[in-house]
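Hi,

Here is the structure I promised to pass on to you. Have a look at it first, and my notes follow below.

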Amino acid sequence: HHSRHEDRHGYQFGQTCYDVNTDNLPAVRLSWDEATAFCAWLAKKSGKNISLPSETQWEWACRATRATPFWFGSHGTDFHLFSNLADQRLREYADDSAKGKYRYFSWQKIPKPNRYEAYAPRVDDIDDGSFLAQAPKKYKPNPWGLYDMHGNVAEWTRSAYRPYPANHSPSSNPPDALRVVRGGSWRDRPHRATASHRLPYPRFQKVYNVGFRIIAE
């Protein structure tokens, strides 16, 4: 699988931009169908029952007994030790690329970009130390030892996008239903990364900031 690259906010001239495809990063830009196919392959290889979590299972694991929006606190909590979310590092999208350094040049961020150069929505008073997706275990785990349940990359669940909570029988999970994504990503502000926030995507869509997490039942 190739997770590809993130585009810079400036002239590119054939540049491959920011690489998010290294082996230590979570895979993104893969569809729900590809994620479930991986689970089927791993189940056959391991002899275990491997799947994507239902969104109920995902939220239970994310909360780890906590009733707050994040396992580490409420809205407004400083997340820099716990989560890779849309923070001041998104200003690094503002690339100084218009000074004659056309095809081959080193990336150089604008030191003090204005709001038109650094327009990605973000929390400007927090620095979590990360620009794009990061390898696991950079941030503190939740009380059950699970990393990156909020932020970094959002995650497919096996559930259809239905009123929540819902049963997960085959009749409530038709093949053509939109699928639920949970958790938010490095590109999302905190309100889109809570334990309860849900997003629907078609099962065939390959989303730039969506990966997956597996469970063994």
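First, a word on accessibility: a residue is called buried under 20% relative accessible area, exposed over 50%, and partly exposed in between, using a 1.4 Å probe and protein chains only. By that rule Thr 65 is exposed, because its relative accessible area is 65%.

Please keep in mind that this is a predicted model, in which local features need pLDDT of at least 70 and side-chain atom pairs count only at pLDDT 80 or more, while totals for chains, interfaces and linings use all residues. Residues are numbered from 1 along each chain as its sequence is written, and side-chain values use heavy atoms, with hydrogens and water left out.

**The chain as a whole**

The protein chain has two helices and eight strands; these come from DSSP runs (helices are H or I with at least four residues, strands are E with at least two) and are numbered from the N terminus. Their order along the sequence is β-β-α-β-α-β-β-β-β-β. Of its 217 residues, 44% count as buried. The chain exposes about 11500 Å², and carbon and sulfur atoms supply 54% of that area; the areas come from the Shrake-Rupley method with a 1.4 Å probe, and for residues only the protein chains shown count as cover.

For contacts, the criterion is heavy atoms within 4.5 Å. Among contacts between residues at least 6 apart in sequence, 70% join residues at least 24 apart. Leaving aside neighbours within four places, Ala 216 is in contact with Asn 49 and Ile 50. Ala 216 still counts as exposed, because its relative accessibility is 56%.

**Helix α2 and what follows it**

Which residues of α2 are buried? They are Glu 55, Trp 58, Glu 59, Ala 61, Cys 62 and Arg 63, and they pack against β4 (154-160), β5 and β6. Glu 59 deserves a look of its own: it counts as buried because its relative accessibility is 11%. Its side chain makes a polar contact of 3.2 Å with the side chain of Tyr 164. A polar contact here is a pair of N or O atoms within 3.5 Å; within protein, one must be able to donate a hydrogen and the other to accept it, and residues adjacent in sequence count only if both atoms are side-chain atoms. Beyond four places in sequence, Glu 59 touches Tyr 164, Arg 182, Ala 195 and Ser 196.

Just after α2, Ala 64 takes a positive phi of about 50°. Thr 65, in the loop between α2 and β4, also has a positive phi, about 80°, although it is not a glycine. Arg 4 is another non-glycine residue with a positive phi, near 70°, and it sits in the segment before β1 (5-6).

**A buried threonine**

Thr 194 belongs to the loop between β5 (179-182) and β6 (198-201). Is it buried or exposed? Thr 194 is buried, because its relative accessibility is 6%. Its side chain reaches the backbone nitrogen of His 197 at 3.1 Å. Not counting residues up to four places away, Thr 194 touches Pro 69, Phe 70, His 75 and His 150.

**Pockets**

On a 1 Å grid over the protein atoms alone, probed at 1.4 Å, a pocket is an open set of points with protein on both sides within 12 Å along at least five of seven lines, and lining residues have an atom within 4 Å of a point. A volume is the space filled by probe spheres set on the points, which are joined across faces, edges and corners.

The largest pocket has a volume of about 450 Å³. Of its 19 lining residues, Leu 25, Pro 26, Ala 27, Pro 136 and Phe 212 lie nearest its centre. The lining divides into nine nonpolar, six polar and four charged residues, where Ala, Val, Leu, Ile, Met, Phe, Trp, Tyr, Cys and Pro count as nonpolar, Asp, Glu, Lys and Arg as charged, and the others, Gly among them, as polar.

The second largest pocket holds about 180 Å³. Its lining has eight nonpolar residues, one polar and one charged, and helix α2 (residues 55-63) supplies the largest share, four residues. Residues lining this pocket include Trp 58, Trp 60, Met 149 and Arg 213.

Best wishes
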